[in-house]
Amino acid sequence: MISGFFILNLKGEVLISRLFRPEIRRSVADIFRIHVVSNPSVRSPILTVGSTTFFHVRHQNVFLCCVTKANVNAALVFEFCYRIIQIGRSYFGKFDEESIKNNFVLIYELLDEILDFGYPQNSETDTLKMYITTESIKSEQAVREDSSKITIQATGATSWRRSDVKYRKNEAFVDVIESVNLLMSSNGTVLRADVDGQILMRAYLSGTPECKFGLNDKLVLDRKAQALGGDTEGAVELDDCQFHQCVRLGKFDTDRTISFIPPDGEFELMRYRSTTNVNLPFKITPIIEEPTTSRVEYTIHIKASFNSKLSGSNIVLKIPAPPNTTKVDCKVQLGKAKYLPSDNQIVWKIPRLQGGQDTTFTAEATLTPTTHRKPWSRPPISVDFQVLMFTASGLLVRFLKVFEKSNYQSVKWVRYLTKSTGTYQVRI
């Protein structure tokens with residue numbers, strides 16, 4: 001599997017090194033430094049030199065590098081690298097050069113527990129925190145008690161959760177977060193529209209509860225529905241689903257309920273993608289005209305197409321302007337608009353837009369005359385926004401039930417959020 005693991009800073013200096021197999025030496029870090037760290041043109045995260053393959057991830061001001069001579073699963077290696085970052089953040093807040101230098105002893109301890117002869121073992125943060133602690137003093141009695149718990153947890157069916165978790169108030173929070181990706185032509189034709197979604201859960205529940213989580217009645221996996229020739233009208237179709245290891249997949253296949261014993265605290269329950277029946281939260285109609293070589297006129301209309309009881313917030317439209325623009329006179333009905341010469345774009349900020357409401361932006365840009373006029377490439381308008389209690393895919397939580405042997409009452413909360421950060425684009 002993984003023959004060696006290194007963490008290097010941006011200068012190529014080795015901060016952490018751990019060799020798991022005899023076929024490589026510590027000097028392979030020099031090869032990585034020459035071919036990747038010192039070469040800014042390298043874009044691929046995988047580099048093969050002879051029979052040695054380097055998998056690397058850059059995070060803030062450090063490189064995480066896994067070295068192997070075997071034909072390994074690349075996705076697994078990258079998942080391991082991101083798990084290391086996640087565990088590091090959980091232990092010491094930030095995962096950068098300074099925090100690595102301050103906690104290098106702890107990082108070596110973690111690596112010895114996570115990897116066994118180059119094979120990833122247990123990477124659950126809650127389990128690791130039971131027996132790898134940053135506290136310098138711990139009583140012998142506490143160590144003995146924790147050791148017995150570790151043995152049960154490491155060999156039991158629920159390695160992601162301890163059985164002795166207790167809370168005064170039992171609560172479960174579910175967040176359905178969707179990112180909308182859109183590319184629309186200037187005449188309103190949708191060229192590409194898809195949704196990347198995730199269901200995040202924060203479970204503050206005592207004991208070892210079993211949770212049941214139900215989604216839409218009409219929820220189909222796209223390929224399966226097409227193969228069976230089923231009725232998909234009005235259904236939420238998911239092209240891809242990935243679940244946390246605690247989910248019992250058999251029940252999801254039969255009745256679309258997610259049954260699981262949740263880890264303690266925050267975790268990602270499910271990740272999905274949808275490319276059909278996407279509900280676009282905003283309709284944008286741009287009209288850009290160039291009546292003369294020294295003037296560009298803008299008329300941009302935006303309408304919120306969701307329910308009037310909902311509202312969109314933090315709406316930002318980034319409207320491109322020609323490179324030779326000298327000034328822009330903006331007029332808006334709602335929000336504020338400003339021309340940014342450094343970015344060659346007009347930024348229109350709308351703090352809040354109610355569902356069904358529309359507003360218009362008009363502007364006139366003055367251009368500097370040029371000797372050799374190059375045609376303006378007209379980049380697309382990009383939109384950032386957030387809409388609470390709305391899902392573009394139509395995914396809904398039907399119910400969330402918590403079963404525990406003591407039959408305590410629990411409070412459940414469900415929140416929906418649809419957002420975009422520059423991936424909602426309209427050509428002009």
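This is a predicted model: local features need pLDDT of at least 70, side-chain atom pairs count only at pLDDT 80 or more; totals for chains, interfaces and linings use all residues.

Colleague: Are the two partners, Arg192 and Asp194, buried or exposed?

Modeller: Arg192 has a relative accessible area of 42% and is partly exposed. Asp194, at 5%, is buried, since the cut-off for buried is under 20%.

Colleague: Which residues are linked with Arg192 in a network of salt bridges?

Modeller: The network links Arg192, Asp194, Asp196 and Arg273.

Colleague: How many salt bridges does a search of the whole structure find?

Modeller: The search finds 16 salt bridges. Among them is one in which the side chains of Asp30 and Arg33 meet, at 3.0 Å from N to O. Both residues belong to helix α1 (residues 28-37); because they are three residues apart, about one helical turn separates them. Asp30 is partly exposed at 33% relative accessibility, and Arg33 is partly exposed at 26%. Another salt bridge joins the side chains of Glu297 and Arg295, also with 3.0 Å from N to O.

Colleague: How should I read cysteines? How many disulfides does a search of the whole structure find?

Modeller: A disulfide is a covalent bond between the sulfur atoms of two cysteines. Here the search finds zero disulfides. Take Cys241 as a case: the closest cysteine sulfur, that of Cys246, lies 15 Å from its own sulfur, too far for a bond, because the cut-off is 2.5 Å.

Colleague: Let us turn to helices. Which residues of helix α4 are buried?

Modeller: In α4 (residues 104-114), the buried residues are Leu106, Ile107, Leu110, Leu111 and Ile114. They span an arc of only 140° around the axis, so they lie on the same side of α4.

Colleague: Finally, in what order do the four strands of the open sheet stand?

Modeller: The order is β17-β18-β23-β20, with antiparallel pairing. The edges are held by β17 (282-292) and β20 (325-332); each has a single partner strand, so one side of each has no neighbour in the sheet. Neighbouring strands of this sheet are turned by 15° against each other on average, direction ignored.

Colleague: How many bridges join β20 to β23, and which residue stands opposite Val332?

Modeller: Seven bridges join β20 to β23 (residues 358-367), and the two strands run antiparallel. Val332 stands opposite Phe361 in β23.

Note on methods. Residues are numbered from 1 along each chain as its sequence is written. Side-chain values use heavy atoms; hydrogens and water are left out. Buried means under 20% relative accessible area, exposed over 50%, partly exposed in between (1.4 Å probe, protein chains only). The arc is that of the directions from the helix axis to the C-beta atoms. Two strands pair if DSSP finds at least two bridges between them. Axes are lines fitted to C-alpha atoms, for helices over the stretch in contact, and angles run from 0 to 180 degrees between N-to-C directions. A salt bridge is a side-chain nitrogen of Lys or Arg within 4 Å of a carboxyl oxygen of Asp or Glu.
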